[in-house]
Amino acid sequence: MITAVVYSESGGTYKTTMTANLAVALQRMGLRTLVIDLDPQEGNLTSLFDAGASRSDPDADNLVKHVLDMPDGPFEELIETTAEGVDIIPSHDMLGDFTSNLEQKISYETGMQNMSREEYPRFELLYDLLWEREDLHKQYDAILIDPNARAEDLLYNAIFALRTLVAPVKPAGKGNLSLDGLGELVGNMETQLDIEVGLACVVPSGVGQTNAHQQYRDQFESTPEFATPVSIGDRESLMDAMWEARGSAFKVVEERWKTFERDGEMVSEPGQRRVRDREIETLRKLYELAYFLATETFDAEVEPVLDIDVRDDERRQFDLSEEQEVTTA
């Protein structure tokens, strides 16, 4: 099955929107897809997919309780299905206190079992839940995680469980991951977790038309150290519209969502967007990224044809196996 953590050390790399778009693309390819939101902050994947109505309820069952083996209900009741068919385990405020709750569990269990804290498998808990207790590999073809950004217990649990990274990177600016920095990042994770971590690909995101941005993109695309199957242009309007549409970029374009001013107020509605060729091209690249992850990283068989059916407009298809647009109707 396909498993990947979409992770970046720096902000502004489209990490959350990329996770959503990858998940929807994989779903469109015919794969049963689950996303797990491990980011406790506002503006996360849960908000984007309009899920997690009980995320602020301290008494509600949530993923943290299951990871720590203190559930208040069956695991399957945590899972919600989004409007685009992707399943999601929503974020919960309890994620923000994960490490402190984990420390309490470690103190109790090491005392009961007469083991040292260093022996306790603190990074293996999510792995045990997903694969040993819940057998999610029997229910899904693809699982993606949108983690918290800080290098702490939640992130390491995500990486230990899924073992593969997709790394969106900024084209320029303070805090960017360099070529050497990516290798160092993966190496540090492998040392910390004592496992092999695969870097499936790097995705330059928010790439503008400046010479600096283009040179940065070219630098990544030309390195033999890791794959760079696509780069995503600066599509701030398209990515911002995802939050209003409560869904992927595919939904934004096909339903033509747009935010605009009406009678002195900002409103967002479907049917208003003028779909441009560069946005169609962005959808093709997002689908190509998912296709690369599925076929090149995990050797899965998936549907290579992207069907874009724009509301009250043309319908277009791209066959990635033939690397061409096959119809425009």
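Predicted model: local features only at pLDDT ≥ 70, side-chain atom pairs only at ≥ 80, totals over all residues.

Residues are numbered from 1 along each chain as its sequence is written, and side-chain values use heavy atoms, with hydrogens and water left out.

**The sheet**

- Eight strands form an open sheet with mixed pairing, in the order β3-β4-β2-β5-β1-β6-β7-β8. Helices (H or I, at least four residues) and strands (E, at least two) are DSSP runs, numbered from the N terminus, and two strands pair if DSSP finds at least two bridges between them.
- β3 (80-81) and β8 (232-233) stand at the edges with a single partner strand each, so one side of each has no neighbour in the sheet.
- Helix α11 (residues 277-297) packs on the sheet and touches β1, β6, β7 (198-207) and β8; contact means heavy atoms within 4.5 Å. The direction of α11 makes about 175 degrees with that of β7, where axes are lines fitted to C-alpha atoms, for helices over the stretch in contact, and angles run from 0 to 180 degrees between N-to-C directions.

**Strand β6 and its partners**

- β1 (residues 2-6) runs parallel to β6 (residues 164-169), and two bridges join them. Val6 has Val166 as its bridge partner, and Val5 stands opposite Leu165.
- β6 also runs parallel to β7, with six bridges between them; here Leu165 is partnered by Leu199.
- Six of the six residues of β6 are buried, meaning under 20% relative accessible area, with exposed over 50% and partly exposed in between (1.4 Å probe, protein chains only).
- In a regular strand the side chains alternate between the two faces of the sheet. On β6, Thr164, Val166 and Pro168 cover one side, and Leu165, Ala167 and Val169 the other, all of them buried.

- Helix α1 (residues 15-28) has 14 residues, which at 1.5 Å a residue should span 20 Å, in agreement with end C-alpha atoms 20 Å apart. The expected span is 1.5 Å times one less than the number of residues.
- Twelve of the 14 residues of α1 are buried, so the helix is largely enclosed by the rest of the structure. Among them are Met18, Leu22 and Leu26.
- After α1 comes Gly30, with a positive phi near 95 degrees.
- α11 has 21 residues and should span 30 Å; its end C-alpha atoms are 29 Å apart, which agrees. Just after α11, Asp299 has a positive phi of about 55 degrees.

**A loop residue**

- Arg235 sits in the loop between β8 and α9 (236-245). Not counting residues up to four places away in sequence, Arg235 touches Tyr14, Arg278 and Thr282.
- Arg235 and Thr282 are 47 residues apart in sequence, yet 8.2 Å apart in space, C-alpha to C-alpha.

**A cavity**

- The whole structure holds one cavity of 30 Å³ or more. On a 1 Å grid over the protein atoms alone, a cavity is a set of points where a 1.4 Å probe fits but cannot get out, and lining residues have an atom within 4 Å of a point.
- The largest cavity has a volume of about 60 Å³, the space filled by probe spheres set on the points, which are joined across faces, edges and corners.
- Its lining includes Leu38, Phe98 and Leu126, and α3 (63-67) gives the largest share, three residues.

How values were computed. 1 Å grid on protein atoms, 1.4 Å probe; cavity = no way out; pocket = protein on both sides within 12 Å on 5 of 7 lines; lining within 4 Å.
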